[in-house]
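Reader: Hi! Please walk me through this one in plain words, and I'll butt in as we go.

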Amino acid sequence: AQPKEPRGWLTRGALEVELRQARDAEQSLQNFLNLQGTSEAAADDDDEDSDANRSAQRTHALLLLSQAAQIRKDLPAANRWLDQIGPINGSLEVALRRALVWAADGKLRDARALIVSLPQSEEVSAKAKTLAESQVLREAKRWSEALVLLSTANARAPDDTDLLYER
């Protein structure tokens, strides 16, 4: 069965990425972007699909397309999808995806620096940055560095269950 609405394609693409079916995911996500871009689809959207929501969905699709390209080991394509998002503007999700691509490309130092350099805000806490940096280290198979990072953070917040779980 083929989705009839753009959000159906986005959901399908997200599931295909999760299942590591990169080519299928890319096709589904491209269908989403194509449908979302048509004025007819935009006109049919209800109030919950405001411009901000459509923009967030587009960003999500581009992040998933980047991840699908990375699954295929096409790192230049993964970066091109991220470039379409535009500036990071403090978004941990976008920074993390870019850092993961950089780490996969052997640029671990740059990847970690990107996460660390994010300004702390209500949306990006020190804990969130630590968890993101540890994810980059784990993806790069730098287990001991990730453990040290998480242990240090856990020493500062010994009752933090998120940090305990990640360790």
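Author: Helices (H or I, at least four residues) and strands (E, at least two) are DSSP runs numbered from the N terminus. This is a predicted model, where local features need pLDDT of at least 70, side-chain atom pairs count only at pLDDT 80 or more, and totals for chains, interfaces and linings use all residues. Residues are numbered from 1 along each chain as its sequence is written, and side-chain values use heavy atoms, with hydrogens and water left out.

Reader: Great. What covers the buried residues of α2?

Author: The cover includes α1, α4 (51–71) and α5 (75–83). Buried means under 20% relative accessible area, exposed over 50%, and partly exposed in between (1.4 Å probe, protein chains only).

Reader: And which residues of α2 are buried?

Author: Ala22, Ala25, Glu26, Ser28, Leu29, Asn31, Phe32, Leu33 and Gln36.

Reader: How far is Gln36 from Leu82, C-alpha to C-alpha?

Author: They are separated by 18 Å, and lie 46 residues apart along the chain.

Reader: Switching to α1: how many residues does α1 have?

Author: Helix α1 covers residues 6–18, so to speak, 13 residues. From first C-alpha to last, α1 reaches 19 Å, close to the 18 Å expected at 1.5 Å a residue (1.5 Å times one less than the number of residues).

Reader: Which residues of α1 are buried?

Author: Pro6, Trp9, Leu10, Gly13, Glu16 and Val17. They sit on the same side of α1, because they cover an arc of only 130 degrees around the axis (taken from the directions from the helix axis to the C-beta atoms). On the face turned away from that buried side, α1 carries the exposed residues Leu15 and Glu18.

Reader: What comes after α1?

Author: Arg20 follows α1, with a positive phi near 65 degrees.

Reader: Now the pair. At what angle do the axes of α1 and α2 cross?

Author: At roughly 160 degrees, with the axes coming within 8 Å. That makes α1 roughly antiparallel to α2; angles under 35 degrees count as roughly parallel, over 145 as roughly antiparallel, 65 to 115 as roughly perpendicular and the rest as oblique. Axes are lines fitted to C-alpha atoms, for helices over the stretch in contact, with angles from 0 to 180 degrees between N-to-C directions.

Reader: Which residues make the contact?

Author: Among them are Trp9, Leu10 and Gly13 of α1, and Ala25, Leu29 and Phe32 of α2.

Conventions
Contact means heavy atoms within 4.5 Å.
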